[in-house]
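Hello,

Here is the structure we discussed passing on. My notes follow below it.

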Amino acid sequence: MSANMAYRRLCAADLPAVADIEMAVQIEPWSRAQVLEIAGLLDGGYVAWVAEDAFGQVQAYLIAQVVIDEAEILTIGVAHAAQGQGVGAALLVFGLMDIRACYPDVQACFLEVRVSNAVARTLYDKNGFVEVGRRKHYYHDPVTGAREDALILRCDVIEHTYSTSNE
């Protein structure tokens, strides 16, 4: 795992910091209200994790949903100051390992990523995600108005049971 970071389940007190990071790093961020609503969904199939630095400040988050035997990563973000340090990779592995430990029926994890997001695509590729589909014109750029395809990626969760890091 990334040095000087603690990885743990998200709690409601983390959500304002998660909302701040979401707004800062996503092209089409969830609204602050949507992020804050996660607190009420954590017992209903949603699961989330954070990476916090040595000062207890949230530097990254990952929010997923578990339904029967599948998980879907809904959003993941790393604060600008922590990007490029392996925090996102470590959090992804931590989350996948936790899903496997807590939801033994889950076999696969899915997510969508912008075709143009080369950094994220590399991260997912290194962690066993493979392309299984494409959603045409799924994403919208609010600044330019352009539409962009989403790649649908899948990984086998069981592969992460014994992993410690794929950075």
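**What the model shows**

This is a predicted model, and its seven strands form an open sheet in the order β1-β2-β3-β4-β5-β7-β6, with mixed pairing. At the edges are β1 (6-9) and β6 (130-140), each of which pairs on one side only. On average, neighbouring strands of the sheet are turned by 25° against each other, direction ignored.

Strands of a sheet pair through backbone hydrogen bonds, either parallel or antiparallel. Here β3 (residues 58-67) and β4 (residues 70-78) are antiparallel, with eight bridges between them. To find one of these bridges on screen, look for Y61, whose partner in β4 is G77.

Two helices to look at next are α1 and α3. Helix α1 (residues 15-25) packs on the sheet and touches β2 (46-52), β3 and β4; the angle between the directions of α1 and β3 is about 95°. Helix α3 (residues 87-102) lies across β1, β2, β3, β4, β5 (108-114) and β7 (147-156), and runs at about 140° to β2.

For the protein as a whole, the count is four helices and seven strands, and the pattern along the sequence is β-α-α-β-β-β-α-β-α-β-β. The radius of gyration is 15 Å, close to the 15 Å from the globule rule for 167 residues, so the protein is as compact as a globular protein of that length. Its C-alpha atoms fill a box of roughly 40 × 30 × 30 Å along the principal axes.

Of the 167 residues, 44% are buried. The accessible surface is about 8500 Å², and carbon and sulfur atoms account for 53% of that.

Regards

Methods
Residues are numbered from 1 along each chain as its sequence is written. This is a predicted model: local features need pLDDT of at least 70, side-chain atom pairs count only at pLDDT 80 or more; totals for chains, interfaces and linings use all residues. Side-chain values use heavy atoms; hydrogens and water are left out. Two strands pair if DSSP finds at least two bridges between them. Axes are lines fitted to C-alpha atoms, for helices over the stretch in contact, and angles run from 0 to 180 degrees between N-to-C directions. Contact means heavy atoms within 4.5 Å. The radius of gyration is taken over C-alpha atoms; the globule rule is 2.2 Å times the number of residues to the power 0.38. Buried means under 20% relative accessible area, exposed over 50%, partly exposed in between (1.4 Å probe, protein chains only). Accessible areas come from the Shrake-Rupley method with a 1.4 Å probe; for residues, only the protein chains shown count as cover.
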